Amino acid sequence: MTPQSAARLTIHDETVEDHPFAGRRRLALVGSGVTLPLARHTHTDGAVDGANFSLLRRESNRRRLLAGADLLAAVTAFVVTMLAFGADAPHVSALLGTPLVVLLFKVAGLYDRDQMRLVHSTLEEAPSLLQLTGLFALGTTLVVPSFGQHGLTSGQIASLWLLSFVLTVGGRSVARFIAGKTSPVERCLVIGEQEMADRFRDKLRSSHARADVVATLPLVNNEFDEWSTPESLRGMIQNLRVDRVIIAPTTTDGSGVAELIRAAKAAGVRVSVLPRLFEVVGSAVEFDDVDGLTMLGVRSFGLSRSSRALKRGFDLLLTSLGLIAVAPILALVAIAIKLDSKGPVLFRQTRVGRDGRHFGIYKFRSMVVDAEQQKDRLRDLNEVGDGMFKIARDPRVTRVGDILRKTSLDEMPQLLNVIRGEMSLVGPRPLVTDEDEQVVGLDRSRLHLTPGMTGPWQVLGSRVPMREMVAIDYLYVANWSLWADMKLLLRTVRHVARRGNV
């Protein structure tokens, strides 16, 4: 490490910069003449371990918790299914088939994927869990008769599948929650482009990841060469007690990046990469192996006719059921609005929809009647800027309107827009006309999909500037799937439950 590189190292963890490590020693970084204090982990028994020990122990505990939750879910689902259908108490020997679920999950890699991720989400693996619990139900059907039990009926098989899936999702969520609360925060070192490093730190702070950036090292030109060996990285990793190295490439030359990845892996830490390519293509890619040469197949932009029909059918089904369920609440809200302030119950505003067509969006009125006329007077209070208008404590909001906004009930009349086909349950943000004028060029491809009541930007938990919101919407359109819509709906419910709009 050259003195110039050492000078650019920014340490964000005060415990590393300021804490006088007990019994610390100094490690000369390879080829630099620059020394940094080497942190040591001292336990109550006096033993000293490197960062790798705590990393491996944390991952091992997480795997044990997940396996225990999976096994408990399988046993519970089997016992409840047998008893619910009037069968005698299942013989203990029949329960020997339940560890099959742990074997299936291990083969599928569900106990090892968390070490490759910063955000450990059970929702992301739900499709795999649905398939694997189906195989578990099928396997149990074949195993049970071999222990002298009667074969399972079709109703028992279906019940075992559904119950094991629900219990597994719930159990894994609890296991990850416990693992997160009982494990130390994952310590990250970002090496690469400064802009991407700063952006990553901001995103990490607003996410639910149990991780923190303890240091960043911006590199210029082709400085990956000096980190091409594990010895070059190990000193800094041990000193900063790093668990994961985040690489943000500064060059299109992949050789230096590849060597840095190998060196970081050899140093015993986890590695993540921030490739700029995926900011354009998203995650909906297929890895294609052509005689040892790996290629990425990128899906075409937009939805096919059958996908549009599937999305529309999904919208109509859920919206119809939703209107029936919330009809009494809508009636109470309408009465409260009328009693609170003068004006209509519903507020209609022109928005830009699919392919640039204008439509009137419906909302419960949450502001005074002349709110639009007051907008110009309040522009100095705008907190978002960049073409959008948002004020946290908007003086135009009524008393009832404040409650409606905090609970997102003001958005419920948009279900009528969904029925009319002007909106979808999930989609890009429908912009007002003056905001839409700020979107130019290829960014307008976000209008290939019908705008939604909710979308990827709404569940981020922080105010998103126009430029970033447009990029997020583009990736949503480029990577659309029905499961992605279902995940966004579930995350919207969680976001509202946490009062994310407050």
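**Burial, salt bridges and strand pairing**

Q: Why is Asp-402 called partly exposed?
A: In this predicted model, Asp-402 has a relative accessibility of 34%. Buried means under 20% and exposed means over 50%. The value of 34% lies in between, so Asp-402 counts as partly exposed.

Q: What makes Asp-402 and Lys-406 a salt bridge?
A: Their side chains meet at 3.4 Å, N to O. The cut-off is 4 Å, between a side-chain nitrogen of Lys or Arg and a carboxyl oxygen of Asp or Glu. A distance of 3.4 Å is within 4 Å, so the pair qualifies.

Q: Where do Asp-402 and Lys-406 lie?
A: Both are in helix H13 (residues 399–407). They are four residues apart, about one turn of the helix. Lys-406 has a relative accessible area of 29%. That also falls between 20% and 50%, so Lys-406 is partly exposed.

Q: Which residues do salt bridges with shared partners join into one network?
A: The network holds Asp-70, Arg-113, Asp-114, Glu-125, Arg-172 and Arg-176.

Q: What makes Glu-125 and Arg-172 a salt bridge?
A: Their closest N and O atoms are 2.7 Å apart. The limit is 4 Å, so the pair meets the rule.

Q: What makes this a link between distant parts of the chain?
A: Glu-125 sits in the loop between H4 and H5, and Arg-172 in helix H6 (residues 154–182). They are 47 residues apart.

Q: How do you know whether Glu-125 and Arg-172 are buried or exposed?
A: Glu-125 has 1% relative accessibility. Arg-172 has 0%. Both values are under 20%, so both residues count as buried.

Q: How do you know that Arg-491 and Glu-124 form a salt bridge?
A: Their side chains meet at 2.8 Å, N to O. That is within 4 Å, so the pair counts.

Q: Why does this pair tie together separate parts of the chain?
A: Arg-491 lies in helix H17 (residues 482–497), and Glu-124 in the loop between helix H4 (100–107) and helix H5 (126–143). The two parts are 367 residues apart in sequence. Glu-124, at 27% relative accessible area, is partly exposed.

Q: What makes E12 and E15 a strand pair?
A: Two bridges join strand E12 (residues 346–352) to E15.

Q: What makes E13 and E15 edge strands?
A: The open sheet has the order E13-E12-E15. Strand E13 (358–364) and strand E15 (431–432) each pair on one side only.

How values were computed
Residues numbered from 1 in each chain as written. Predicted model: local features only at pLDDT ≥ 70, side-chain atom pairs only at ≥ 80, totals over all residues. Heavy atoms only, no water. Pairing = 2+ DSSP bridges. Buried < 20%, exposed > 50% of the residue type's maximum accessible area, 1.4 Å probe, protein only.
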